[in-house]
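Subject: Structure for you to look at

Hello,

Here is the structure I promised to pass on. Please open it first, then read my notes below.

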Amino acid sequence: MEKEKFNIVVFSGDMDKVLAAFILATTAASMNMEVRMFFTFWGLNVLRKKKFTSGKNLLQKLMNFMNKGGAGRLPLSRFNMLGMGPMMMKAMMKQSKVPSIEEFVKMSVDMGIKLVACTTTFSFMGFKEEDFIDGIDSYTGAATFLGEVREGRVSYFI
Amino acid sequence: MKPNKTLDCFGLLCPMPIVKTANEMKKMKVGEVLEVLATDIGIKGDMPAWCKATGQEYLGVEEKEGEYKVYVKKVKE
């Protein structure tokens, strides 16, 4: 039997929204669905390594210095308060045994969820493949992702 | 009910009990019964939904003072 496809666009790089995306993705994979997460724009930060900055020119380097990458240092969409909010949220998640975003990324790769990085964001932000974590399924454009979306019944944008 | 295996999910929130159940069921043989212990009330709806999606058999839930024992039978690979 062919698996039902579940596609999620992860546009946001906010910890809370990304958490929701991963909860749905891992649940869908547990329910035997073929899951694909397309990380674009701020969402790409989830797949970036923790680095001082990255980029090829000065503008990109400045932007990527402000726009910190790494699943472990995503901001909150509300009450970020210069990092206080995420710190509190992480402690609360730990109290309730909720996996961290980093743990969710690893779990997703282990479960066969396809983590896809958007090539457009990748290029205009001046990233290189070495800026990204291992386990990424592919680097693709919108048409490739939409090709998958057309074959699935459920697609989300977060 | 006599389960072949017990999975402890006490204190875990959604989606972990379901993710762990799916993982555990992969290792079991057809005909075996898994008992899942949970405290998250979401399990009452989530487990039947998971069984429906994956084609496994939902045998029921026992509830006692905020603790849930859910039984699932593996009926196919």
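Start where the chains meet. T26(A), T27(A) and S30(A) of α1(A) touch I18(B), V19(B) and A22(B) of α1(B). By class, this helix contact holds 3 nonpolar residues, 3 polar ones and no charged ones. Bear in mind that this is a predicted model.

Next, the geometry of the two helices. Helix α1 of chain A covers residues 15-30. Its axis and that of α1(B) come within 9 Å and cross at roughly 30°. Angles under 35 degrees count as roughly parallel, so that is how α1(A) and α1(B) run relative to each other. The crossing of α1(A) past α1(B) is left-handed.

Now the whole contact between the chains. Chain B gives 11 residues and chain A gives 9 residues. On the side of chain B that touches chain A, two or more residues each come from α1 (16-27) and α2 (43-54) of chain B. That side of chain B has 9 nonpolar residues, 2 polar ones and no charged ones.

Then turn to the sheet of chain B. This open sheet has 4 strands in the order β1-β2-β4-β3, and the pairing is mixed. Which strands stand at the edges? They are β1 (5-9) and β3 (57-64) of chain B. Each has a single partner strand, so one side of each is left without a neighbour in the sheet. On average, neighbouring strands are turned by 20° against each other, direction ignored.

- β1(B) and β2(B) run parallel, joined by 5 bridges. Here L7(B) stands opposite V36(B) in β2(B).
- β2 (residues 33-38) and β4 (residues 67-73) of chain B run antiparallel, joined by 6 bridges. Here V36(B) stands opposite V70(B) in β4(B).

Both helices named above for chain B also pack on this sheet. α1(B) touches β1, β2 and β4 of chain B, and its direction makes about 155° with that of β1(B). α2(B) touches β2, β3 and β4 of chain B, and its direction makes about 5° with that of β4(B).

Last, look at the two faces of β2(B). In a regular strand, side chains alternate between the two faces of the sheet. The covered face of β2(B) has L34(B), V36(B) and A38(B). The uncovered face has V33(B), E35(B) and L37(B).

Best wishes

Conventions
Residues numbered from 1 in each chain as written. Chains lettered and ligands numbered in written order. Predicted model: local features only at pLDDT ≥ 70, side-chain atom pairs only at ≥ 80, totals over all residues. Contact = placed C-beta atoms within 7 Å. Nonpolar A, V, L, I, M, F, W, Y, C, P; charged D, E, K, R; others polar. Pairing = 2+ DSSP bridges. Axes fitted to C-alpha atoms, helices over the stretch in contact; angles between N-to-C directions. Parallel < 35°, antiparallel > 145°, perpendicular 65-115°, else oblique. Left-handed = near helix turned anticlockwise from the far one by under 90°. Buried ≥ 20, exposed ≤ 12 C-beta atoms within 10 Å, placed from the backbone.
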